[in-house]
Amino acid sequence: MASRPRTLYEKIWDAHVVERRDDGTCLIYIDRHLVHEVTSPQAFEALRLAGRTVRRPDLTLAVPDHNVPTTPRRDAAGHRVPIADAESAQQLQALERNAPEFGIRLIGDTDVEQGIVHVVGPEQGFSLPGATIVCGDSHTACHGGLGALAFGIGTSEVEHVLATQTLLLAQSKTMEVRVEGQLGPGVTAKDVVLHIGGVLRASGGTGYVVEYTGSAIRDLTIEGRLTVSNMAIEHGARAGLIAPDDKTFAYVKGRPYAPKGEEWDKAVAWWRSLATDPGARYDKVVVIDAGDIVPSVTWGTSPEDVVPITGTVPAPESFADPSKQDAARKSLEYMGLTAGQKLTEVEIQNVFIGSCTNSRIEDLRAAAAVLKGKTKARNVKWAIVVPGSGLVKRQAEQEGLDRIFTDAGFEWREPGCSACLGMNPDKVPPGERCASTSNRNFVGRQGPGARTHLVSPATAAASAVAGRLADVRAI
Amino acid sequence: MDPLREVSGRAIPFGRKNVDTDVIIPAKWLKTITREGLGKGAFESLRTDPDNLFDSPEFSGSPILIAGDNFGCGSSREHAAWALLDLGIKAVIAPSFSDIFSGNAFKNGILTVVLPQDAIDRLMEVAQTDPLAIDLEHQTVTTPFQDRFTFAIDPFRKHCLLNGLDEVGLTMARGAQISDYERQARENTPWLAHTA
C-alpha cells in the first residue's frame, strides 16, 4: 500500500509512536534526554519520593549550564573554585548528586566538554537527525537544525521522561516557513530567524511545528541552521525542523556519540528517507524572500519587535492592534527609546556574544572577523565573549580568536548560559543597554532593568566598535 | 494531586497579552530545588507598583486569573505554574496559551481555559466587581449575570484533572508496550536505541 505523502515532522512522529490513544494523543518514545541543573532537581526529588528509577540512563546526559559562573573554574593551584552564590552552588550540587545516583553521565563544570546543553548535544553527536530530543529548556528546539524533533519540556515532563522514556503528546499542526533566494552580504542565520520572528509574531507558531525550507535555509551551514531552529520557540512553535542533508551527515560523522561502521550507513539511509515527500501538505505555509532580509535588531521587549538595522523605532500608533500599541508604549518606556529614533543612533554600554543561539565556533569567527585590529568604543563598558562549550573555547584559542577579542577589549570567558538570563553573575546593569547575540529581549531577562537588543554576532561586534547599534555592512 | 471539579471566586482581571514566563517568575527565583514558596516571586516586576492587582485587598488570593493572548510564552520553566499555584491560582482563562505553559499548568492541576476574546472582554468586565464560576465537568464559565461560556478541553486532561491522576504512574503501567517499542527500535534504528 502506498502511503500518503508525509512531512518530515510526520515521519519522525510516526517512527516514535509507542501507543496511539483513541483521542489521537500518542505515547511518544524519547531517544535523547538532556538534563541541566535548573529544571531537574524537583524531577529527581519526585522520583526519589516515589521510589522510581530512571528507565534509560544511557539515553540521558546531564550538563550544568544556567548557573555556572563564566570566570575560571580552577584557581592557579588547580583547585576547583567554589561558586559564591549559595543557591547556584546548591543547584549544581543537586545535579552532581542526582546524576550518579540515577546512573546518568554528568559532564561537570570543570570538564572540557562542558557547555550549554544545546551546544554540547550536537557537538558530542548525542543529538542526531530523526531523533526525538527533549530537555527542560525551551531552546531545545535548537537541535531541530540537525533534523531532530526537539522541544522543551517542563519539570513534570522531565520526571515523566526519566521514569518512562516517553511523553504523552498531541500531534502538532505543521507549518512550512520557506525562505527562497540568496542572503545578502552581512546577513546571517540570526538575521534570518529574527526576520522570521517579526513576520510570524511571538504567537504565530503556537500549536505548530515549523519546518524551515527553501534555498536560503539549505545554503546555511549546520551551525547556522541550529541558530535558526533555536529561536523557533520565539515565534511560539513547539519545535523547529530542517531536513537533514549531506551537510548534516558530514557534521555528525565521527562525533563521540555518533553511529559508526555499518550502523552509520544504515543511519544515513534512514535519515535521507526523512525529507518531506513531494506533495505532502502543511497546515500553513509562509514564504519569505531572502532578498528582503537585512541585518536585524530588536527595539522592544518581545522577540517579534524586529526592525532592520537601517530602520527607526516604530511609533506605538503604527500598530493596528490596540493591545500591541499599549505593549509598544510600555516597551519603549522600558527600553528608553523614542519613536522615530534611528537604531544606528542608539548608544550601547554592553556587548554579549554567547548563548545557545550564537556561541559556536562560526559565531565567534564571524565576530572576530569584524573585530580584528579594532577596539571597542570607550562608552562600551562591558563586552564579553562566552564560548558555547569548552571545546568551542579550545578551538577558538587554537585559531587565535581569543587574542582578537581580548585585544579589542572583550573579556574571554568560560562556557555557560551567562548573560542570556539573569541566573549567574553575568548581568547587564539596570537601565543599561546591551547588544546581545542571545534569544530573548524580555523585561529583566539579562538582569533587572536591563535593556536588550537582539542581534547577530557580526552586528554585536560592529556595535562594540561603533559604541552604538551598527550596520555591519558599513564597517 | 487533588481532584479539580470547580473553581469559583474572584478572578484577577489582568488581561495582558504575551505574558512571558520571565514576567510570571523571574530567573532569579529558579534557583530553588523544591516546588514551594514561589508565590513571593510571582509577577515580581509588576508588584513593585503599590496599586498592582495581585496584592490589592480585592484580588489577593483569587483562584482565577484572566489574561490575554499567548499567556505563558517564553521559557519552559515549570516554576511559572508552581508560582501561580503558590499565589492560590487554580485556573487561568485566556484566548490562547503557550504550548509548554499549558502542559506545565495541567501537570500541576491548574486548569487553563481557552475562550474567544469577546468572552474574555466580558469576563474582564464582570471580574471587576463580581465572582466567576468554572465548572470542569460541564466545561462552562458562568457569571452571576446569566453569562455562560463553554470551553473545549482535551478529554484525557479533563479526566486526569477531575480525578487528580498522576500521569507518570499512568504511563508506567504501560511498561510492557514501551518495552515492545524498544525491542523494535533495536532492530530498525539501533543507533537511536542505544548510545555509543
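**Entry 1: a strand pair in chain A**

I started with A:Leu27, which stands opposite A:Leu168 in strand S8 of chain A. This is a predicted model, where local features need pLDDT of at least 70, side-chain atom pairs count only at pLDDT 80 or more, and totals for chains, interfaces and linings use all residues. Residues are numbered from 1 along each chain as its sequence is written, and chains are lettered from A and ligands numbered from 1 in the order in which they are written.

Next I looked up how the strands run: S2 (residues 26-29) and S8 of chain A pair in the antiparallel sense over 4 bridges. Two strands pair if DSSP finds at least two bridges between them. Strands (E, at least two residues) and helices (H or I, at least four) are DSSP runs, numbered from the N terminus.

Which way do the residues of S8(A) point? I found A:Thr166 and A:Leu168 on one side and A:Leu167 and A:Leu169 on the other, and all are buried. Buried here means 20 or more other C-beta atoms within 10 Å of the residue's own, with C-beta atoms placed from the backbone; exposed means 12 or fewer, and partly exposed is in between. My reminder: in a regular strand the side chains alternate between the two faces of the sheet.

**Entry 2: helix H2**

I moved on to H2 (residues 41-50) of chain A, where A:Pro41, A:Gln42, A:Ala43, A:Phe44 and A:Ala46 are buried. Their cover includes helices H3 (86-101) and H5 (155-164) of chain A. Just after H2(A), I noted a positive phi of about 65° at A:Gly51.

I checked UniProt, whose unreviewed entry lists A:Cys356, A:Cys417 and A:Cys420 under "binding site". They gather at one spot, because no two of their C-alpha atoms are more than 8.8 Å apart, although they span 65 residues in sequence. Such annotations may be inferred rather than shown by experiment; the positions follow the numbering used here, and feature names are shortened.

Where does A:Cys417 lie? I found A:Cys417 in the loop between strands S17 (411-412) and S18 (433-436) of chain A. A:Cys417 counts as buried because it has 31 C-beta neighbours inside 10 Å. Leaving aside neighbours within four places in sequence, its contacts (C-beta atoms, placed from the backbone, within 7 Å) include A:Asp65, A:His66 and A:Ser355.

A:Cys420 also lies in the loop between S17 and S18 of chain A. With 30 other C-beta atoms within 10 Å, A:Cys420 is buried. With the neighbours within four places left out again, A:Cys420 is in contact with A:Gly354, A:Ser355, A:Ser438 and A:Asn439.

Definitions and conventions. Two residues are in contact if their C-beta atoms, placed from the backbone, lie within 7 Å.
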